Amino acid sequence: MEIRQATTVAELLAAEHLYDGPAREDWAARFLAAAGHLMLIAYEEDGFPAGFVSGIEMLHPDKGAEMCLYELSVDESRRRRGIGRALTEALVAEARARGCQGAWVPVDTDNEAALATYRSAGAADEGGFAMLGWTFGGDD
Ligand SMILES: CC(C)(COP(=O)(O)OP(=O)(O)OC[C@H]1O[C@@H](n2cnc3c(N)ncnc32)[C@H](O)[C@@H]1OP(=O)(O)O)[C@@H](O)C(=O)NCCC(=O)NCCS
């Protein structure tokens with residue numbers, strides 16, 4: 001398995017089976033062009049994208065840069081082989097290399113697999129949070 005940072009729209013679209021829904025070419029292009037946005041993809045020897053992790057560097061005057069782990073997913077048929085952990089560790093390493101002060105990830109409290117993966121990659125619990133949202137459903 002090899003983990004590489006995606007640099008083309010084609011690479012992002014080829015990982016679509018790992019996302020929650022269909023990918024859009026314009027959104028993929030916008031993701032690549034956005035400062036501080038990155039996706040690392042784990043490829044098997046035959047080129048199959050087995051998993052991905054995405055991150056966004058967030059900035060704040062009193063916090064410097066922190067890496068938010070946005071999404072992590074491993075193909076269902078490839079789980080429990082260390083890929084999720086390897087992707088998480090790779091993103092954390094990249095955050096360090098970019099000079100981030102730390103990294104964090106929001107996780108559903110009942111997502112045992114994700115909690116185990118982040119803990120095995122060295123994350124510590126930082127308390128519980130409620131998540132609230134607004135949905136606009138706009139075109140972009
Ligand atoms: C979460 C997810 C990415 C884990 O990927 P994975 O490749 O199967 O994880 P790994 O094989 O690297 O496992 C990492 C650790 O978590 C543990 N783990 C993984 N799945 C687990 C499960 N279902 N229950 C308990 N522990 C689990 C492993 O035993 C391993 O522990 P260890 O390092 O101490 O041996 C995968 O389950 C997934 O894609 N889930 C759906 C998407 C999702 O929920 N993403 C997270 C959003 S926050």
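How many salt bridges does the count come to? The count comes to nine salt bridges, each a side-chain nitrogen of Lys or Arg within 4 Å of a carboxyl oxygen of Asp or Glu.

This is a predicted model, where local features need pLDDT of at least 70, side-chain atom pairs count only at pLDDT 80 or more, and totals for chains, interfaces and linings use all residues. Residues are numbered from 1 along each chain as its sequence is written, and side-chain values use heavy atoms, with hydrogens and water left out.

Side chains of opposite charge can pair when their charged atoms come close. E44 pairs with R78, with the closest N and O atoms 2.9 Å apart. E44 sits in the loop between β2 and β3 and R78 in the loop between β4 and α3, so the pair ties together parts 34 residues apart in sequence. Helices (H or I, at least four residues) and strands (E, at least two) are DSSP runs, numbered from the N terminus. E94 and R98 form a salt bridge at 2.7 Å, N to O.

**Ligand site**

The ligand has 18 residues around it; L72, R80, G84, R85 and N111 come nearest. The table gives polar contacts, which are pairs of N or O atoms within 3.5 Å.

| Residue, backbone atom | Distance to a ligand oxygen |
|---|---|
| R80, N or O | 2.8 Å |
| R81, polar atom | 3.2 Å |
| T117, N or O | 3.4 Å |

Taken alone, the ligand exposes 930 Å², and the protein buries 70% of that. Accessible areas come from the Shrake-Rupley method with a 1.4 Å probe. β4, α3 (83–97) and α4 (112–120) each give two or more residues to the shell. The largest share, six residues, comes from α4. By class, the shell has eight nonpolar, six polar and four charged residues.

**Second largest pocket**

The second largest pocket has a volume of about 930 Å³. A pocket is an open set of points on a 1 Å grid where a 1.4 Å probe fits, with protein on both sides within 12 Å along at least five of seven lines; lining residues have an atom within 4 Å of a point. The volume is the space filled by probe spheres set on the points. This pocket is lined by 24 residues, and W27, A28, F31, Y70 and E71 lie nearest its centre. α2 (25–33), β2 (37–43), β3 (49–60) and β4 (64–74) each give two or more residues to the lining. α2 provides the largest share, four residues.

Definitions and conventions
A residue is near a molecule or strand if one of its heavy atoms lies within 4 Å of it. A polar contact is a pair of N or O atoms within 3.5 Å; within protein, one must be able to donate a hydrogen and the other to accept it, and residues adjacent in sequence count only if both atoms are side-chain atoms. Ala, Val, Leu, Ile, Met, Phe, Trp, Tyr, Cys and Pro count as nonpolar, Asp, Glu, Lys and Arg as charged, and the others, Gly among them, as polar.
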